[in-house]
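I'd like to walk you through some packing and some charge pairs, so let me put the structure up.

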Amino acid sequence: MDEKRMELEQVKGNTWVLKSWELIPLYRLDDRRCILLDTGLAEQQEELDATLRAEGLLPVGVICSHAHIDHMGNNAFLKEKYGTRLAMSLGEAGHQFSYLSMNVMNYSYSPEDMLESPAHKGTPVLADRIILPGETSVEFCGVTFSILPTPGHTCDHICIGTPDNVLYLGDAMMTGRTLHHSKFPYAFSMKDYLDSMRKIRTVEADRYIVAHYGVYEEILPLVDMEARFLARRMLELLDLVEDYTTPKRMAAAICREYHIQPGNFRDMAYFEAASLAYINYLRGLGHLEAVLEDNRILYRRTQASLDRAKAREEALQPSAGLFR
């Protein structure tokens, strides 16, 4: 039986992408050796390994954008099988070194849940090269890559530029169907996520690789489209708040509004974590305020927010006497 493989496609020069349900970039050092930028899900392990072997490629290094399971799931596997060296930013490396630390990045999983999760099995690993705050480049396996700090999606997410002037954005932004089908777009901090997208607007590259999903020559319209989408979505979520909300209540309201059925505990934990990020963003804009009531932290709309909503509603109403 033929092994399932990913398609390998050239982007520019020595920069290529492995095409699966997400894009995994790689930089070819020569005909044999390569450096991967992220490694996909643990469940893609056989597919990834089969593709590398079929193409005659030895993964001597990995530079990982962030420590979410769909980007770092095979870091430990490649390190163990091939001796692959791993580079990660300080904050992300700190989250992947143990099952306990990974719990922080994985939506309220307990350490026990993490140990039982097939997706996380065997994924903790120590990085060989820590990319420190303030570093704008890293020399790795004999090649210099540019580093653009883009926190927000996670605490220490980075974008990675190859010597071909190709910028890998990881999850610093989404595009197309992925964006508009996302009912719970995730950011650890929505404000920082949007600030990082504005930073991406200023970086010129010949190609941009977005993990979810596409390779682009021009990125500005896509950045602006996502910023508008998220700003509109946050105001839509604000309208779901009646007397008060909490992350659990917000997640439930979003599920009802967008007809979402959480498939399992992990999905619901993810929805609640995303909802807290939305609430904190709306608080920062002055739309919500936190109150302590009955030993609970509740979030309610501010008077200024209610006044704006009333003014908007009145502006949409026709003046009397227009219809006879």
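In helix 1, residues 45-54, the buried residues are Glu-47, Leu-48, Asp-49, Ala-50, Thr-51 and Leu-52. Buried here is under 20% relative accessible area, exposed is over 50%, and partly exposed is in between, with a 1.4 Å probe and protein chains only. Helices are DSSP runs of H or I with at least four residues, strands are runs of E with at least two, and both are numbered from the N terminus.

Before I go on: this is a predicted model, so local features need pLDDT of at least 70, side-chain atom pairs count only at pLDDT 80 or more, and totals for chains, interfaces and linings use all residues. Residues are numbered from 1 along each chain as its sequence is written, and side-chain values use heavy atoms, with hydrogens and water left out.

So what do the buried residues of helix 1 pack against? They pack against strand 2 (15-19), strand 4 (33-37), strand 5 (58-64) and helix 3 (75-82), where contact means heavy atoms within 4.5 Å. After helix 1 comes Gly-56, with a positive phi near 70 degrees.

Now jump to helix 10 (247-257) and helix 11 (265-284): they pack at about 105 degrees, with axes 8 Å apart. The axes are lines fitted to C-alpha atoms over the stretch in contact, and angles run from 0 to 180 degrees between N-to-C directions. That makes helix 10 roughly perpendicular to helix 11; the cut-offs are 65 to 115 degrees for roughly perpendicular, under 35 for roughly parallel, over 145 for roughly antiparallel, and oblique for the rest. Among the residues making the contact are Met-250 and Ile-254 of helix 10, and Phe-271 and Leu-276 of helix 11.

On to charges. The whole structure has 16 salt bridges, meaning a side-chain nitrogen of Lys or Arg within 4 Å of a carboxyl oxygen of Asp or Glu. One of them is Lys-248 with Glu-272, closest N and O atoms 3.3 Å apart. Lys-248 sits in helix 10 and Glu-272 in helix 11, so this pair ties together parts 24 residues apart in sequence. Lys-248 is exposed, at 56% relative accessibility, while Glu-272 is partly exposed, at 21%. Salt bridges with shared partners also link Asp-49, Arg-53 and Lys-81 into one network.

Last pair: Arg-33 and Asp-30 form a salt bridge, 2.8 Å from N to O. Arg-33 is partly exposed at 35%, and Asp-30 is partly exposed at 32%.
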